[in-house]
Amino acid sequence: MKTYYYVLASQRFLIEEEPIEEVLKERTRDYLEKQKEIDFWLVKQPAFLEAPEMQEIKTKCPQPAAAIISTNSQFITWLKLRLEFVITGQFQAPSETIPDPLASLTTV
């Protein structure tokens, strides 16, 4: 099992109101230049919120939600400082209640 860290907010805030696309593009470019494996993902309507242990967090976040999930806790801490109005946390996966840490409830 791995530990995944996240910033969580409403989709509207995270995707439309914040220039998060720029941040993620720049970080992706930097990782590619350094030949570093991508360790962050943007997930709309993250399925991990459906786990029983996440119900309290889910009720605190306006729906539909979006999350940036990473295995890098420092990146999530940096995002929290930059974005301010987000919820942060962590979870272990894969587990019985969270089989796929990057799963989404939306169909593309």
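Modeller: One cut-off to start: contact means heavy atoms within 4.5 Å. The model is predicted. Leaving aside neighbours within four places in sequence, Y6 is in contact with F48, M54, I57, I68, I69, I76, I87, T88, G89, Q90 and F91.

Biologist: What makes Y6 part of a nonpolar core?

Modeller: A nonpolar core joins buried residues of set types, Tyr among them, through side-chain atoms within 4.5 Å. Y6 belongs to the largest such core, which has 17 residues. Y6, L8, F48, I69 and F91 touch the most other members. The elements giving two or more residues to this core are β1 (2-10), β3 (65-70) and β4 (87-93).

Biologist: Which residues are in the other core?

Modeller: That core lies apart and has 16 residues, including L14, F40, A66 and L79. In soluble globular proteins, nonpolar side chains tend to be buried together.

Biologist: Which elements make up the chain, and in what order?

Modeller: Four helices and four strands. From the N terminus, the order is β-α-α-β-α-β-α-β.

Biologist: Why is the chain called as compact as a globular protein of its length?

Modeller: The radius of gyration is 13 Å, and the globule rule gives 13 Å for 108 residues.

Biologist: What share of the residues counts as buried?

Modeller: The cut-off is under 20% relative accessible area. Buried residues make up 38% of the 108.

Biologist: How much of the contacts with a separation of 6 or more comes from residues 24 or more positions apart?

Modeller: Such pairs account for 78% of them.

Definitions and conventions:
Residues numbered from 1 in each chain as written. Predicted model: local features only at pLDDT ≥ 70, side-chain atom pairs only at ≥ 80, totals over all residues. Heavy atoms only, no water. Rg over C-alpha atoms; globule rule 2.2 N^0.38 Å. Buried < 20%, exposed > 50% of the residue type's maximum accessible area, 1.4 Å probe, protein only.
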